[in-house]
Amino acid sequence: MADIIQLLPDHVANQIAAGEVVQRPASVVKELLENAIDAQASIIKLIVKEGGKTLIQVVDNGNGMSVTDARMSFERHATSKINCADDLFHLHTKGFRGEALASIAAIAHLEMQTRQEQDEVGTLIKIEGSKVISQEVKVSPKGTSIAVKNLFFNIPARRKFLKSTQVEHRHIVDEFHRVAIAHPSIQFYFYSNGSELFNLPAVNLKKRIVRIFGQKTNEKLVPVAEETQLVKIKGFVCKPEYAKKSRGEQFFFVNDRFIKSPYLHHAVTSAFEGLLKPDFYPGYFIFLEVDPGSIDINIHPTKTEIKFDDEHSLYAILKSCVKHSLGQFNVRPALDFEKDPNLDTPYTSTHRMGIQPAVTVDRTFNPFSSRPEKSFSKGFSKPTGEWESLYLGLDSDEFKDNAFNSFTVESDVNSDSIFQDYESLERSGIPTFQLRRKYVVSTIKSGMLIIDQGRAHQRVLYEKLLGNITVRKTISQQLLFPIPLNFSKPEITVLEEIKDSLLALGFVLSFISDTILEVSGIPQLVRESELRSILDQLISDYQHNLTSEGFSESEILAKTLSKSLAVKTGEVLDIDSQQALVNSLFACKESKISPFNKLIYVTITDMEIDNKFI
Ligand code: ADP
Ligand code: MG
């Protein structure tokens, strides 16, 4: 038989290589942007039309190419970035495989115009499917412009598999984000179908992120920083309350190259353990700087996967670094308020040794009665603590006009202690005060804590009630005269269904007829006057939740009761109640999110406060 093996012609080899390098328009965008960065451009423009299907153009003001280089750049394995295999381990450029331009030129119509600084004129080359159509001398600005049109024009199967214009556009935007975040000191423009999508001036990393993702991002970011022999880490993680159900704002950069790493992703998410609801992902922008010799970038043609020499150590360092930041910036309460580990026992444990949360709230207080208050809003003239020293020199009218009017400051707070560094909120005498009868404000190690009193109390009650239901140990108050209550038949049926849980909560009930329920005992926390409305609420929540959300009976009851019983906005808490509330909250298994999935508290770091005075 005759010999059958032959070398593939270059254009075929290039087309095959293109299959790996160019999966979709966004891949072209990535390669062209990276080439512009490698050429040390300080301004880069990206122009696309129809999700890159008809045009992708990148214009840079970088080094440009000589006539010969311009022609050479389209050859396969033609690169100016490495000379020998050893150079692969000292990489400081994005590119090194010398494949991108050859691959792109094999499957599209391409026009390149380029000029080096020292040359008077530049070069214009047109290529279609690896074939040079024309090459001419052209007056050009310094730098390079590469326009790629009609991608996959000669591979109909690939063109057919492109997704909708919107989807391809989305991929391009993602790619643009990655490159733009990795290089905040380069100015980027991005135009799509003739309109400007992004105009990103050269700034620092934080500003770049905010510029891309919106002003609101500013408050989401917590800086991370660590320096070890193995790796330098910098960047930001997003506070847990901003975690999202969808993946998206998650970025790893290794030596300023965006990479995907499920392993390192795991390191970050595990640092958030206990702070995120299930199926929520934290956002992050993390830059790792490692010795180029300790990684292998050449394991995938698109260079988005990397092999690290010492992945395990990197994992550990990254995890502890993120954890540390969350603690330092007070996002992780557990680090500041050392929790009693006993409280971490499951609800179902019958041997709960932990401190029972005890919030004493003045439930007889009527916010509309004229009980005198020691507050700045009323008795401004006589603050009995030493708070006035804080405001010395402030004109009192001006003071009354501003937002401080709404402060309710408890008089027996010892102002001396307010500004000390508090190691733990568990010690007695936490400095607290109530703000607008809605929030309890306290200081913590690295700043200020603002707690929504209603939500905090809901959380405390919820955990307590849930514990009571499962442990079946509760205290009920005997009513002097049993109260008969009328319900509809379906309502009585519901009450019968949840009877066991109601008993566990402290209700003592007997069903007199199919429409009358007699109550002879109620949970300690419930007032007689609230009984009817609470039972009505329990019935309706139970019916509603049963059909929709799939919560357990105990959870539904505990939620409803916690909501009914919790202090509300407008209620004044005395200092003991405030402190008990704070302590009980941080003794909860979950202190960040209310039973209704609302944020319970926010922290304002010292740095944030200081920044406001700059
Ligand atoms: P690689 O980037 O891996 O070297 P490419 O095919 O992307 O391979 O590019 C080939 C060569 O063309 C590069 O090594 C570089 O010398 C040159 N080149 C490509 N794009 C530009 C540009 N925008 N400015 C200057 N030179 C460029
Ligand atoms: Mg390249």
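This is a predicted model: local features need pLDDT of at least 70, side-chain atom pairs count only at pLDDT 80 or more; totals for chains, interfaces and linings use all residues.
Which residue in β22 does Leu509 stand opposite? The answer is Val519. One sheet is built from five strands with mixed pairing, and another from three strands with antiparallel pairing. Ligand 1 has 18 residues around it, and the protein buries 92% of the area that the ligand exposes when taken alone.

**The three-strand sheet**

- The strands of this open sheet follow the order β20-β22-β21, and they pair in the antiparallel sense.
- Its edge strands are β20, covering 476–486, and β21, covering 508–511; each of them pairs on one side only.
- On average, neighbouring strands in this sheet are turned by 15 degrees against each other, with direction ignored.
- Four bridges connect β21 with strand β22, which spans residues 516–523, and the two pair in the antiparallel sense.
- Within this pairing of β21 and β22, Leu509 faces Val519 of β22.

**The five-strand sheet**

- This open sheet has the strand order β9-β10-β13-β11-β12, and its pairing is mixed.
- The edges are formed by β9 and by β12 (257–259), each of which pairs on one side only.
- From one strand to the next, the twist averages 20 degrees.
- Strand β11 (residues 250–254) pairs with strand β13 (residues 284–289) in the parallel sense, over five bridges.
- Val254 has Leu288 in β13 as its bridge partner.
- Two helices pack on the sheet: helix α6, made up of residues 165–182, and helix α7, made up of residues 205–213.
- Helix α6 touches β11, β12 and β13, and its direction makes about 50 degrees with that of β11.
- Helix α7 touches β9, β10, β11 and β13, and its direction makes about 35 degrees with that of β10.

- Strand β9 (residues 221–227) and strand β10 (residues 232–238) run antiparallel and are joined by seven bridges.

- Lys81 places a polar side-chain atom 2.6 Å from an oxygen atom of ligand 1.
- Gly98 contributes a polar backbone atom, which is 2.8 Å from an oxygen atom of ligand 1.
- In the side chain of Asp60, an N or O atom is 2.9 Å from a nitrogen atom of ligand 1.
- Ligand 1 taken alone exposes 530 Å², and 92% of that is buried by the protein.

Terms used: Residues are numbered from 1 along each chain as its sequence is written. Chains are lettered from A and ligands numbered from 1 in the order in which they are written. Side-chain values use heavy atoms; hydrogens and water are left out. Two strands pair if DSSP finds at least two bridges between them. Axes are lines fitted to C-alpha atoms, for helices over the stretch in contact, and angles run from 0 to 180 degrees between N-to-C directions. A residue is near a molecule or strand if one of its heavy atoms lies within 4 Å of it. A polar contact is a pair of N or O atoms within 3.5 Å; within protein, one must be able to donate a hydrogen and the other to accept it, and residues adjacent in sequence count only if both atoms are side-chain atoms. Accessible areas come from the Shrake-Rupley method with a 1.4 Å probe; for residues, only the protein chains shown count as cover. Contact means heavy atoms within 4.5 Å.
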